[in-house]
Amino acid sequence: MEQEKKILVAGGGPGGLETANTLARMGFKVEIVEKEETTGGHLKEWHQLFPNFRDASDVMEELRQRSQHPNISICYNEAILDVKRVNGHFESLTSKKRIIESDAVVMATGFDAFDAERKEEFGYGVYPNVITSVELEKMLREDGKVTTTDGRVPERVAIVHCVGSRDEKVGNFYCSRVCCICGVKQAIEIRKHHPETRVTNFYMDMRMSGQYFEELYRESQERWGVYYVRGRISEASGMMDGKIRVKAEDTLIAKPVTLTVDLLVLMTGIEASKTTKELSKKLEIESDYGFFRPRDRHYDDQHSPIDGIFLVGTAKGPATVKETLADARAAAQRVWEFFESKNV
């Protein structure tokens, strides 16, 4: 097979970078189009990764170093708006009004965190000490110190799971998969930095589906003293002193629970990114909830229904970083097989 083929990768997050890295080592020319000023996607917002608390910056730096391959070029502050097949190749229109020609396209357009303001009962955007898991991660990444808006180390923190996931009210019936273990990880990190802080997780079900996830959940209780209440918070209200009063039901004992905390953390779920929603709809390959639809979820999960357009990671639905990296390598293999089958 002649490998002077050019591949366009839409998105420079972990999935896009790993796909590009693998394709470049196979001999393909790759152009990454990234909508932000740097690559890394949501990974660059994260402090440590579950289940082993590896620094996210280590993984990100490794991906960026490998993308220094001579077969890879990266365009920043640019997004793909449309893709069309023209005379056997693809022409992709960008936000800078450029047309990029390529022999195949990889959609690594990622995800957006759920907008917590859509869950009005939690008071995000109204009460300063109601924050998201992304904002908590930023505190941990910057100096490890978790504080309230007036700079105090909180005596009590509540973490609410499934914000924007498994929720008929907002139209997201699916599980975001990463939230439960992220809630466990962040609870442990708070306790590591502030042993005097009491942390309570409010959950629907603890879905510890990954290797070592269940062990970390047990460790959070047995070693770090994290509390868990099975039940969703029905209401959060601000108090005069800046604290937050939450009301919930402990469904294990069928009794109401009222708790006053210094900081309320909303574990926001995964949604299809704006680019994912727009492109999947334009190309008529959208699945439920705005994600891209693969050709076959068992045998051809990295190939879209359109010949020559491939899909990676959270462009298809919720996934962990580890799953996204593995999916990226699989997508690169699918690209190679696509050209091999055509003997070009």
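Are phenylalanine 50 and phenylalanine 213 buried or exposed? Phenylalanine 50 is buried, and phenylalanine 213 is buried as well. The model is predicted.

## Aromatic pairs

A pair of aromatic rings is described by the distance of the centres and the angle of the planes. The structure holds eight aromatic pairs. One of them joins phenylalanine 50 and phenylalanine 213, whose ring centres are 5.4 Å apart and whose planes stand at 90 degrees, an edge-to-face arrangement. This pair links distant parts of the chain, 163 residues apart. Phenylalanine 50 belongs to the loop between strand 3 (48-49) and strand 4 (54-55), while phenylalanine 213 belongs to helix 5 (residues 213-222).

Another edge-to-face pair consists of phenylalanine 310 and phenylalanine 338, at 5.7 Å centre to centre with 75 degrees between the planes. Phenylalanine 310 is in strand 20 (residues 309-311) and phenylalanine 338 is in helix 7 (residues 321-342), so this pair also connects distant parts of the chain, here 28 residues apart. Both phenylalanine 310 and phenylalanine 338 are buried.

## Charges over rings

Two contacts between a charge and a ring are described here. The charged end of lysine 192 sits over the ring of phenylalanine 53, at 4.0 Å from the ring centre. The charged end of arginine 198 sits over the ring of tyrosine 227, and the distance to the centre of that ring is 3.7 Å.

## Helix 3 and helix 4

Two packed helices are described by the angle between their axes and the distance between the axes. For helix 3 (residues 133-142) and helix 4 (residues 179-193), the axes come within 11 Å and cross at roughly 35 degrees. The crossing of helix 3 past helix 4 is left-handed.

On the helix 3 side, the contact is formed by Ser133, Leu136, Glu137 and Leu140. Helix 4 contributes Lys185, Gln186, Glu189, Ile190 and His193. The residues of this contact divide into three nonpolar, three polar and three charged.

## Backbone exceptions

Most residues other than glycine have a negative phi, and most peptide bonds are trans. Phenylalanine 50 and proline 51 are joined by a cis peptide bond, with omega about 0 degrees. Proline 51 lies in the loop between strand 3 and strand 4.

Cysteine 162 is not a glycine, yet its phi is positive, at about 60 degrees. This cysteine is part of strand 12 (residues 156-163). Cysteine 162 counts as buried because its relative accessibility of 5% is under the 20% cut-off. Glutamate 284, also not a glycine, has a positive phi of about 60 degrees. Its place is in the loop between helix 6 (274-282) and strand 20. Glutamate 284 counts as exposed because its relative accessibility is 62%, over the 50% cut-off.

## Surroundings of single residues

Alanine 20 is in helix 1 (residues 14-26). Its relative accessible area is 0%, and therefore alanine 20 is buried. Not counting residues up to four places away in sequence, alanine 20 touches Val9, Val30, Ile32 and Ile72.

Glutamate 34 is found in the loop between strand 2 (29-33) and strand 3. With a relative accessible area of 5%, glutamate 34 is buried. The C-alpha atoms of glutamate 34 and tyrosine 76 are separated by 5.0 Å, although the two residues are 42 residues apart along the chain. Beyond residues up to four places away in sequence, glutamate 34 touches several others, including Gly11, Gly12, Gly13, Thr39, Cys75, Tyr76 and Asn77.

## Glycine 238

Glycine 238 lies in strand 15 (residues 233-238). How exposed is glycine 238? It is partly exposed, with a relative accessible area of 34%. Leaving aside neighbours within four places in sequence, glycine 238 is in contact with Tyr127, Lys243 and Ile244. Glycine 238 and valine 261 are 23 residues apart in sequence, and their C-alpha atoms are 10.0 Å apart in space.

Methods:
Residues are numbered from 1 along each chain as its sequence is written. This is a predicted model: local features need pLDDT of at least 70, side-chain atom pairs count only at pLDDT 80 or more; totals for chains, interfaces and linings use all residues. Side-chain values use heavy atoms; hydrogens and water are left out. Axes are lines fitted to C-alpha atoms, for helices over the stretch in contact, and angles run from 0 to 180 degrees between N-to-C directions. Helices (H or I, at least four residues) and strands (E, at least two) are DSSP runs, numbered from the N terminus. A crossing is left-handed if the near helix is turned anticlockwise from the far one by less than a right angle, and right-handed if clockwise. Contact means heavy atoms within 4.5 Å. Ala, Val, Leu, Ile, Met, Phe, Trp, Tyr, Cys and Pro count as nonpolar, Asp, Glu, Lys and Arg as charged, and the others, Gly among them, as polar. Rings of Phe, Tyr and Trp (its six-membered ring) pair if their centres lie within 6.5 Å; planes under 30 degrees apart count as stacked, over 60 as edge-to-face and the rest as tilted. Buried means under 20% relative accessible area, exposed over 50%, partly exposed in between (1.4 Å probe, protein chains only). A charge sits over a ring if NZ of Lys or CZ of Arg is within 6 Å of the ring centre and within 35 degrees of the ring normal.
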